[in-house]
Amino acid sequence: MLKFLRRLAGHVVRGLVMIWIVTTFTFVLVRLMPGDPVETQYETLLSKGMSPDQAKAQVAVTYGFVPHGSVWSQYGHYLWQLLHFDLGKSVRAQGVSVTTEVLSSAKWTIGLVLAGTLLSFLFGVVLGVIAAMRRNSHVGNGLSIVGSLLHGVPQYVMALILVTFLTVKFKLFSTGPVDGLLEPGLNGAYIASIVSHAVLPAVAFALSSFGGYLLSMKSSVVSVLGDDFILASELRGIRPSIIFRYVARNAILPLFTVLALSLGFMVGGAVFIENAFNYPGMGAMLIASIGQRDYSEMSGAFLLITMAVIIANICADMLYTVIDPRVRRGEGA
Amino acid sequence: MSTTVEVPVVKPVVPARRTKFLTNLWKVLRRKPSRMIGAFIVALFVVMGVIGPWLYPDNLPKSADLLAGPSLSHLLGTDFEGADVLAELVIGSRYVLTAAAVAALVTVVVGVAVGLYAGYRRGRPDSALMRITDFVLTIPGFPLLLVLTTVWKFDSALQMGLVLGLTGWGGLARSVRSQTLSLRERGFVEAARGLGLSTPHIVSRELLPNIAPYVAMNLLIGVTTFIYSQVGLFYLGVLPYNSTNWGVMIQLAVNNGVTQTGAGLSYLMAPLVAILLLTLGVVLLVDAMDEVFNPRLRED
Amino acid sequence: MTTATESSTVDERTSPGVRIRDLTVAYRTPAGELPAVSGINLDLAPGSITGLVGESGSGKSTMALAMLNAVQQPGRITGGAIEIDGLGDVLSLSPKQIRAVRGGSIGYVFQAAQNSLNPLKTVGKQLLDLGRSHGVEDRRALVRQARELLSRMGLSGERVLDSYQHELSGGMRQRVGIMLALVLNAHVLVLDEPTTALDMISQANILSIISDVHAERGLTTLVVTHDIGVVAEVADRVAVMYGGRLVEQGPTVDVLRTPSHPYTKGLITAIPRLTGDPDVARPLPGRPPTLGTIPRKGCVFRERCAVYAAGAREDCETLDPPAHDVGGGRLVACHAVEGEQ
């Protein structure tokens, strides 16, 4: 237990250092931006007739630091606000805090990514086992090639092909934004709207990512099947169904790490799917904020995407210590 | 009690030389027709990127027939301005492939240098370099590229390749390091030291040739990711369209309502299918390379 | 290095006899089906320990697997029979029957160097899986049996059953392997390289456990090894394998003291003695044959044979020497030995 906590603490410290580096990076980026956005907003506010003090205060609220100050005081102020989870104010949506904006789009992305990832994990694992069991037949070879291909093809190719054929040719789903007027809750209209908007993106997501799980599961199963203890179990007359469970449990273990890691990357990795399906998630938000040069929103979104990866990394490692007795109980404990 | 009759068989350690690698690759390629197809597809794309654009004039003639389907005069149809889609596809391949090649070069130089140094020196330099590598690997690459588009315009393929390479070397450094470590474990380095060979000699003559095939394989996969990333950036429309490339084609097709109306389908599909085809080629070729490096995978 | 001269106290009622007849195992290779084991005839007397020695590639491990009809792909048993008292011919049992026999009637102990346990389950859980697979109803009795066996081998049953594989030392794992092989009351025991990769103390320990357990439970045991020391230590009879054939078999003491087959002679002179001139030990020239290099015709050993080198006989090149009874329970497959008589 002590070992577990020490390990966790080490990860958390390293994660915090990384988050600090990323925040510094976004700070420098905003400062270095061609035609300094801070300066630009300040000038704009002045030209709208604000007093210099008012304008300064307004800019400080948006970006987390006061223009014209020394770089260090600006940096200090910026970090101080971040420590209070204050990411500044959105420029696009006037007056709304970036934290609120980011969290509300994160909600959409997490729903999509969770559904898509679980779906693809399930398919990938099952097909991977089949590909491994039948690896010397056409079925196995075919599955491997399809897996590599789907794994290799970028998401936008999959998404665009799906959108074009299903929406245009068959009019199956609507791709407009989710209707904001519907009352969220357990009413039929709301659920129907979610299904028609979220199912296709989730399927596209699953289609473009299950290949990776298929390939990993296949190679994992093949390697476990070659392990000595499988033959040993056969020689002890262990029932095939039990041996199958031995293989499955040993083979799936490394995949949980992959799963946890990919969940982290996918908060920011659904960009193309969201774009192709008009889905209001983190990726769409990041693109929109870049398009409209809303720097505070952009840094906020990027920071959250990075944090998701860092947290997923920690979870993946900790997960391993929980499910693998070799790590959990230590060598010769 | 250990009166063993086992005769120890010492496997001779033969460094895989490049020529041997190429002949092996050829042998393995010929074993399955699918692999030859893969090699052919990849070669086709390279030729297309290198000499293709010379075949077309700088300003493409415009046909009056907008967003037309495939026909004899326009094999892949026309775009919303009436330009030939095939011509655009070929011209557009240059930026994409050049940037990917530059990115690959940067990745190899940085990745191999970091990985080799870390694996060869071990200890402190190793852990320091691996921390940096972990950092590069953790930062989500594509969102980072998106953010960077606010600072750089990526007018030249060179610039694009440089940024792609500098954000993408982490994985290669990791695997080169573990390869180097495993070569060390097999006694390569100690044996060479024992023979009185210098460090540059050991690195360039003993380690590099053994790592090279592995790097080549990773690179092939890497190149496809670089292509996807840059096409993706242009497709999302966060970069100005001042050159013809596949991403711009996709973006313009979507903006001109191809996904909504279906008119000019071949305009949208041409770059998408090109990417699919290239992926297929690389997948098939990697299957062959895999077998060269892991003879265990060979089917009896 | 002591030789096992004391005749073990045998419980004749339980120990089954084993008769291997004309056993042939072939492996599918790109060059066609090649025999790894050809025409083996071997009797394991009830209650005896037989040592099967050979170099790597001699087919001895394939033999061990064949005892449970478990030769792995791309190999398959192409002919012969393995008769075990009370079971019949193991090779003609149905898949369901053979699964019941494995672990139930014949115990198999893996090489010490290999991990024969599921790394994700405790030994106890795997014991219960074993019980479930063989339809054991009384789980408590099974666990009690296992604990007794383990403590008989000098381990704390409680602790071991609650351990994962990585928490056990090599010697402990090997004892767990023996426990799992015997806990269901198997009376035929096959051990494949039981001491390889163990340190000297553990080796001695495991060997004395094997002898004791063998005697106490009335087993018929086959020990497959490349280590003549192991055979000298525990075996009543020894069978020497080369190139997929049995070249010599007989009582351990006699075979080790006065080997007849040129290969057995070569093996024994290759052993350095603790006392005397170490230079007397002479390694056998050449390398053991692999599947593809076993001569198809004539004696498989002739290329390394001192007798053949001294004066080539024609039948060595044309005729695979049959096993020949030289008296005293000894069989030798060599034209030269046959000629002397």
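Good morning. Chain C has a mean pLDDT of 87, and 93% of its residues reach 70 or more; pLDDT is the predictor's confidence in each residue, on a scale from 0 to 100. Over residues 1-12 of chain C, however, the pLDDT falls below 50, although this stretch has 26 contacts in the model beyond near neighbours in sequence. Two residues are in contact here if their C-beta atoms, placed from the backbone, lie within 7 Å. For the complex, the predictor gives an ipTM of 0.87 and a pTM of 0.78.

This is a predicted model, in which local features need a pLDDT of at least 70 and side-chain atom pairs count only at pLDDT 80 or more, while totals for chains, interfaces and linings use all residues. Residues are numbered from 1 along each chain as its sequence is written, and chains are lettered from A and ligands numbered from 1 in the order in which they are written.

Let us begin with chain C as a whole. Chain C contains 13 helices and 12 strands; helices (H or I, at least four residues) and strands (E, at least two) are DSSP runs, numbered from the N terminus. Its radius of gyration is 21 Å, close to the 20 Å that the globule rule gives for 341 residues, so chain C is as compact as a globular protein of that length. The radius is taken over C-alpha atoms, and the rule is 2.2 Å times the number of residues to the power 0.38. Along the principal axes, the C-alpha atoms of chain C fill a box of roughly 65 × 50 × 40 Å.

How much of chain C is buried? Buried residues make up 50% of its 341 residues. A residue is buried if 20 or more other C-beta atoms lie within 10 Å of its own, exposed if 12 or fewer, and partly exposed in between, with C-beta atoms placed from the backbone. Of the contacts in chain C with a separation of 6 or more, 64% join residues 24 or more positions apart.

Strand β1 (residues 18-29) and strand β2 (residues 32-44) of chain C run antiparallel and are joined by 9 bridges; two strands pair if DSSP finds at least two bridges between them. A hairpin of 2 residues leads from β1(C) to β2(C).

Chain B presents another picture, with 12 helices and 0 strands. Buried residues account for 42% of its 300 residues. Residues 24 or more positions apart provide 72% of the chain B contacts that have a separation of 6 or more.

How do the chains meet? Between chains A and B, 37 residues of chain A are in contact with 30 residues of chain B. On the chain A side, α7(A) gives the largest share, 9 residues. That side divides into 25 nonpolar, 10 polar and 2 charged residues. Here Ala, Val, Leu, Ile, Met, Phe, Trp, Tyr, Cys and Pro count as nonpolar, Asp, Glu, Lys and Arg as charged, and the others, Gly among them, as polar.

Between chains C and A, 24 residues of chain C are in contact with 19 residues of chain A. The elements giving two or more residues to the chain C side are α2 (95-104) and α3 (123-133) of chain C, and α2(C) gives the largest share, 5 residues. This side consists of 11 nonpolar, 9 polar and 4 charged residues.

Leaving aside neighbours within four places in sequence, Leu286(A) is in contact with residues including Val271(A), Phe302(A), Pro143(B) and Leu146(B).

Is Ala9(A) buried or exposed? Ala9(A), placed in helix α1 of chain A, counts as exposed because it has 10 C-beta neighbours inside 10 Å. Thank you for your attention.
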